[in-house]
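I opened a new notebook for this structure. My plan is to look up a few places and write down what I find.

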Amino acid sequence: MTSRASLIEMAAAARAALADPARITIVGGRSEPRFELFHAASSLCSQKVRTVLHEKALSYRSNDMRILSTMASDGLVPAEHYSPAYIRLRLAAARELNHAYVNSYSGRTSVETEGFDPCVVPLLVDYDTGRVVADSQRICIYLDAVSHAPVQLVPDAPDARAEVMRQVGIVDRIANGALLYGFHPDADLRPEALKASMQTVYDYKLMALERLIADNAGEPELVAAYRAKIVKESGGKKVCRDPAFQRAARQQTRQLLIDLERDLAASAFACLNGHAFSLADVFWGVNLVRLSYLGLASMWDALPHVARYVDVLARRPSLCKESIQASLDSMPHSRYMDAMADCRAEAPA
């Protein structure tokens with residue numbers, strides 16, 4: 001744990017990395033909320049955390065970071081979540097996690113299986129407990145434990161809890177990074193504007209990280225963090241156009257959806273089947289929206305339970321706002337999202 005005064009100072013420094021103060025807001029009304037979230041509107045993992053915050057009706061300070069490095073007229077602009085102040089804050093969470101840094105690229109983001117990435121969002125600060133919490137799964141479980149009102153997302157009953165967490169773990173194994181950044185050799189259905197930005201995304205990432213290593217050579221912890229990130233992103237660059245890797249990522253996703261169809265048919269979990277809305281629904285909901293955005297909804301054309309599940313989840317107010325609307329607002333237009341664009345804040349399913 002870190003003292004409140006130190007946390008306030010570190011978070012303020014990280015917040016200063018945001019170029020536009022308008023992207024720093026208070027969600028939920030409290031002028032001095034207990035929580036502060038560093039995230040990105042378009043980030044899949046951030047969407048999971050914001051959906052939980054919405055479900056739990058928790059107030060927080062929102063720092064919506066720009067997570068792609070870009071080339072401006074006066075040179076390279078590093079992604080905001082690469083800033084030294086933000087990495088220092090994130091390393092406070094790393095010390096508690098005690099996981100090795102990521103040392104390869106798989107397209108997946110789970111800390112449990114891939115290692116700790118020191119240069120990503122989301123990141124949660126809890127000023128009441130003096131903790132900094134990293135990894136979307138851990139953050140979501142942490143927030144659910146704060147209070148069981150108005151909704152409990154991780155059940156107490158052992159069997160129900162085990163199934164919810166099993167599904168959460170399955171979603172964590174989807175190679176979302178590969179699906180978003182990769183150029184599929186057979187049917188790349190991503191929006192053209194997104195594909196255009198992905199042409200240079202890894203080059204800009206690596207250029208920014210190399211510059212940050214040079215600029216912070218006197219801080220070994222920062223240098224080690226940036227070097228770990230370079231290893232991961234270099235791996236991503238190598239496979240982003242690798243036909244076998246891209247086909248495998250998509251096939252694995254297809255198989256997980258077939259498994260989901262089986263579980264839904266068996267009523268093993270899910271609000272679709274009369275179970276209480278849970279963290280499994282949050283994780284699947286955000287991921288199914290992302291697959292739709294990428295033009296991959298055809299994967300469940302022959303999976304009727306999954307198709308109905310998507311329809312039900314798209315009507316959940318938290319997912320409508322924090323996943324569907326956030327994607328529409330922060331990412332290039334995808335015609336595959338048009339069917340979801342009219343989601344309305346209805347009563348929970």
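**Entry 1: a serine in a helix**

I began with Ser327, which counts as buried because its relative accessibility is 4%, under the 20% cut-off. I keep in mind that this is a predicted model. I then looked up where Ser327 sits, and found it in helix H14, residues 317–330. Next I listed its contacts, leaving out residues up to four places away in sequence. Ser327 touches Gln47, Val289 and Met337.

**Entry 2: a lysine in helix H2**

Is Lys48 buried or exposed? I find Lys48 buried, with a relative accessible area of 1%. Its place is in helix H2, which spans residues 44–56. I wrote down the contacts of Lys48 beyond four places in sequence. They are Ser136, Cys140, Val171, Asp172, Val282, Phe283, Val286 and Asn287. I return to helix H2 below, with the strands that it links.

**Entry 3: strand S3**

I moved to strand S3, residues 60–64. Five of its five residues are buried, and I noted the strand as mostly covered. I then checked each face. Tyr60, Ser62 and Asp64 lie on one side, and Arg61 and Asn63 on the other. Both faces are covered.

Which strands does S3 pair with? I found strand S1, residues 24–27, pairing with S3 in the antiparallel sense over four bridges. Ile24 stands opposite Asn63 in S3. I also found strand S2, residues 35–39, joined to S3 by five bridges. S2 and S3 run parallel. Glu36 stands opposite Arg61 in S3. I followed the chain from S2 through helix H2 to S3, and this β-α-β crossover is right-handed. I noted one further bridge between the two strands: His39 has Asp64 in S3 as its partner.

**Entry 4: strand S2**

S2 is mostly covered, with five of its five residues buried. Phe35, Leu37 and His39 are on one side, and Glu36 and Phe38 are on the other. Both faces of S2 are covered.

I looked for another partner of S2 and found strand S6, residues 123–126. S2 and S6 pair in the antiparallel sense over four bridges. Glu36 has Val125 as its bridge partner in S6, and I had already put Glu36 opposite Arg61 in S3.

**Entry 5: a leucine and a proline**

I looked up Leu313 and found it in helix H13, residues 304–313. It counts as buried, at 3% relative accessibility. Beyond four places in sequence, Leu313 touches Cys271, Phe277, Asp281, Trp284, Gly285, Leu288 and Leu319. I also took a distance, C-alpha to C-alpha: Leu313 and Ile141 are 20 Å apart in space and 172 residues apart in sequence.

Where does Pro155 lie? I found Pro155 in the loop between helix H5 (136–146) and helix H6 (158–172). With residues up to four places away left out, Pro155 touches Ala160, Arg161 and Val164. Pro155 and Ala224 are 69 residues apart in sequence, and their C-alpha atoms are 39 Å apart.

**Entry 6: cavities**

I ended with the empty space inside. Rolling a probe the size of a water molecule over the atoms shows where such space is left. How many cavities of 30 Å³ or more are there? I count four. The largest cavity holds about 80 Å³ of space.

I listed what lines the largest cavity: Ala178, Leu179, Gly182, His184, Asp188, Arg190, Gln246, Arg250, Leu294 and Leu296. By class, that lining has four nonpolar, three polar and three charged residues. Which helices each supply at least two residues of the lining? I found helix H7 (176–181) and helix H11 (243–265).

Note on methods: Residues are numbered from 1 along each chain as its sequence is written. This is a predicted model: local features need pLDDT of at least 70, side-chain atom pairs count only at pLDDT 80 or more; totals for chains, interfaces and linings use all residues. Side-chain values use heavy atoms; hydrogens and water are left out. On a 1 Å grid over the protein atoms alone, a cavity is a set of points where a 1.4 Å probe fits but cannot get out, and a pocket is an open set with protein on both sides within 12 Å along at least five of seven lines; lining residues have an atom within 4 Å of a point. Grid points are joined across faces, edges and corners, and a volume is the space filled by probe spheres set on the points. Ala, Val, Leu, Ile, Met, Phe, Trp, Tyr, Cys and Pro count as nonpolar, Asp, Glu, Lys and Arg as charged, and the others, Gly among them, as polar. Buried means under 20% relative accessible area, exposed over 50%, partly exposed in between (1.4 Å probe, protein chains only). Contact means heavy atoms within 4.5 Å. Two strands pair if DSSP finds at least two bridges between them. A crossover is right-handed if, with the strands pointing away from the viewer, the path from the first strand over the helix to the second runs clockwise.
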